[in-house]
Amino acid sequence: KGSRLTLDVEGMTCASCVSRVEKIIGKVPGVQSAQVNLATNKATVDYDGAAPIQAIMQAVEKGGYKVSQQD
Ligand code: 9UX
């Protein structure tokens, strides 16, 4: 019943960035889990309900990273 979306995250330069971004995304309401890949700059997000894209993008940007939506 859950859905999945992929976002592009720029500005992550170390493994701790990955943890930070996963934590940031994981706190967004509706998000079940987030997996960030440092090598590909992609964040895979599993969520319930309506896609929380706007909230995720705001939270990630506030954290100091650039984020864009992927197809
Ligand atoms: Mo690593 Mo990322 O020292 O915001 S945590 S660069």
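Helices (H or I, at least four residues) and strands (E, at least two) are DSSP runs, numbered from the N terminus. Before you start, note that this is a predicted model: local features need pLDDT of at least 70, side-chain atom pairs count only at pLDDT 80 or more, and totals for chains, interfaces and linings use all residues. Residues are numbered from 1 along each chain as its sequence is written, and side-chain values use heavy atoms, with hydrogens and water left out.

**Whole chain**

Show the protein chain as a cartoon. From the N terminus on, they run β-α-β-β-α-β. The radius of gyration is 11 Å, close to the 11 Å that the globule rule gives for 71 residues, so the chain is as compact as a globular protein of that length. That radius is taken over C-alpha atoms, and the rule is 2.2 Å times the number of residues to the power 0.38. The C-alpha atoms fill a box of roughly 35 × 20 × 20 Å along the principal axes.

**Helix H2**

Select residues 53-62, helix H2. Its buried residues are Ile 53, Ile 56, Met 57 and Val 60. Look down the axis of H2: these residues fall within an arc of 95°, so they line one face of the helix. The arc is that of the directions from the helix axis to the C-beta atoms. Buried means under 20% relative accessible area, exposed over 50%, and partly exposed in between (1.4 Å probe, protein chains only). On the other side of H2, colour Gln 54, Gln 58 and Lys 62, which are exposed.

What do the buried residues of H2 pack against? Their partners are S1, helix H1 (15-26), and strands S2 (31-37), S3 (42-47) and S4 (66-69). Contact here means heavy atoms within 4.5 Å. Next, click Gly 64, which follows H2 and has a positive phi, near 105°.

**Asp 8**

Move to strand S1 (residues 3-10) and pick Asp 8. Asp 8 is buried, at 18% relative accessible area. Its side chain makes a polar contact of 3.0 Å with that of Lys 42. A polar contact is a pair of N or O atoms within 3.5 Å; within protein, one must be able to donate a hydrogen and the other to accept it, and residues adjacent in sequence count only if both atoms are side-chain atoms.

**Ligand**

Finish at the ligand. Thr 13, Cys 14, Ser 16, Cys 17, Arg 20 and Tyr 65 surround the ligand, each with a heavy atom within 4 Å of it. Display two distances. A polar side-chain atom of Arg 20 lies 2.8 Å from a ligand oxygen atom. A side-chain N or O atom of Tyr 65 is 2.5 Å from an oxygen atom of the ligand.
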